[in-house]
Amino acid sequence: MDDVALRELTDDHEPAVVELCRVALELPEDSAEAATIVARLREGGATPGSAGPRRTVGVVAVHNGAVVGAALGSLSHNDPAVGHIDLLAVLPRARRRGVGRALLARSESALAGLGAGEVRLAGNAPCYVWPGIDVRYTPAICTALSSGYEHYRTAWNMTVDLSHDAAPAVLDTVTAEQRLAAREIVVRRADPDDLDSVMAFARANFGGAWDGEVAHSIGRTGAGCHLAVRSNGELLGFAAYGSSRPSWFGPMGTAAAAQGLGIGGVLLRRCLRDQWAAGHERVQIGWVGPVPFYAKNVGARIERVFFLYRKPL
């Protein structure tokens, strides 16, 4: 595209990038949350559970004074030798002109300057808004392949219907909680004073970046976390929502010794009821592992599928 300039993304560009995403992210669930997506991916400062600040890069493509494309990236939470492209968006009218490839190349160079030897088009947990590229974003997949990326993994989300009062996902949990109470297990909402213990529990039992995701769910607007705790204070499980996006659920985990007691189903429904009360008619269970559990408990179905790509620099 003639006369396109690539510039470092600044705070002044953010409103234009949000508007760009409302148009370029053509799936309704992404377009509706464009402002949250951009703000989430631009978050700097310390990442909960990490040793230092989150390092990000951002590039915009400008044509005739208007932002027509944008890319956001970051260094891996777990491995500073790995960079991530967290967002790549180009207006439909500016596609097929090399804008996406140019944004990708500039982002790769910026990440290499921070020490990355590999770049992934994949979610950089705990600060991510997709596991990878939704397979319905065909232009993004074409850009990845033409830029030398290889597909190395597939992930998926499950959708939960909350659109009516009788939906399985929003049924109350009173009876199930009474059964747990008979075993001296209390289910309650987490508050900021629980943060350290929940993060430690997530690290000890599940690893990965779940501690950071839980930290982004406790005490934040549009997010929350529920806990199962023995009467002696022992934490047995947690379920969180809103860490990635307000309409997304997860992560959730129950200690191995407490599985089979029905804790997971109760925690899951309590979170989904919060999201239903907040006005969400559909919730995405992000980057799902145990498909049968969610299908059985709340009628969730696999809907969004994502391809993850990587490229050595």
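Where is Arg96 found? Let's start there, hello everyone. Arg96 is found in the loop between β4, residues 82-90, and α4, residues 99-113. Please keep in mind that this is a predicted model.

Now, what is phi of Arg96 near? Phi of Arg96 is near 65 degrees, a positive value in a residue other than glycine. Is Arg96 buried or exposed? With 87% relative accessibility, Arg96 counts as exposed.

Asn64 has a positive phi too, near 50 degrees, and is likewise a residue other than glycine. You'll find Asn64 in the loop between β2, residues 56-63, and β3. Asn64 is exposed, with a relative accessible area of 67%, and the cut-off for that word is over 50%.

Next, the backbone at two prolines. Most peptide bonds are trans. Here, the bond from Ala125 to Pro126 is cis, with omega near 10 degrees. Pro126 sits in the loop between β5, residues 118-121, and β6, residues 133-134. Gly250 and Pro251 are also joined by a cis peptide bond, and omega there is about 5 degrees. Pro251 has its place in strand β11, residues 248-254.

Let's go inside. The largest nonpolar core has 48 residues. Val17, Cys21, Leu87, Leu121 and Tyr149 are the residues with the most contacts inside this core. Which strand gives the most to this core? Strand β3, residues 66-75, does, with six residues. Another core, of 29 residues, lies apart from the largest one, and among its members are Ala167, Ala169, Met252 and Ile285.

Do take a look at Tyr149 on your screen. Leaving out residues up to four places away in sequence, Tyr149 touches Ile85, Leu104, Glu108, Val119, Leu121, Ala144, Tyr309, Arg310 and Lys311.

Last stop, a pair of helices. Two packed helices are described by the angle between their axes and the distance between the axes. For helix α6, residues 174-181, and helix α9, residues 263-277, the axes come within 10 Å and cross at roughly 135 degrees. The two helices are therefore oblique to each other, and their crossing is left-handed. Which residues make the contact? From α6 we have Ala176, Glu177 and Leu180, and from α9 Ile263, Val266 and Arg270. By class, this contact has four nonpolar residues, two charged ones and no polar ones.

How values were computed. Residues are numbered from 1 along each chain as its sequence is written. This is a predicted model: local features need pLDDT of at least 70, side-chain atom pairs count only at pLDDT 80 or more; totals for chains, interfaces and linings use all residues. Side-chain values use heavy atoms; hydrogens and water are left out. Axes are lines fitted to C-alpha atoms, for helices over the stretch in contact, and angles run from 0 to 180 degrees between N-to-C directions. Helices (H or I, at least four residues) and strands (E, at least two) are DSSP runs, numbered from the N terminus. Angles under 35 degrees count as roughly parallel, over 145 as roughly antiparallel, 65 to 115 as roughly perpendicular and the rest as oblique. A crossing is left-handed if the near helix is turned anticlockwise from the far one by less than a right angle, and right-handed if clockwise. Contact means heavy atoms within 4.5 Å. Ala, Val, Leu, Ile, Met, Phe, Trp, Tyr, Cys and Pro count as nonpolar, Asp, Glu, Lys and Arg as charged, and the others, Gly among them, as polar. A nonpolar core is a set of buried Ala, Val, Leu, Ile, Met, Phe, Trp, Tyr and Cys residues joined through side-chain atoms within 4.5 Å. Buried means under 20% relative accessible area, exposed over 50%, partly exposed in between (1.4 Å probe, protein chains only).
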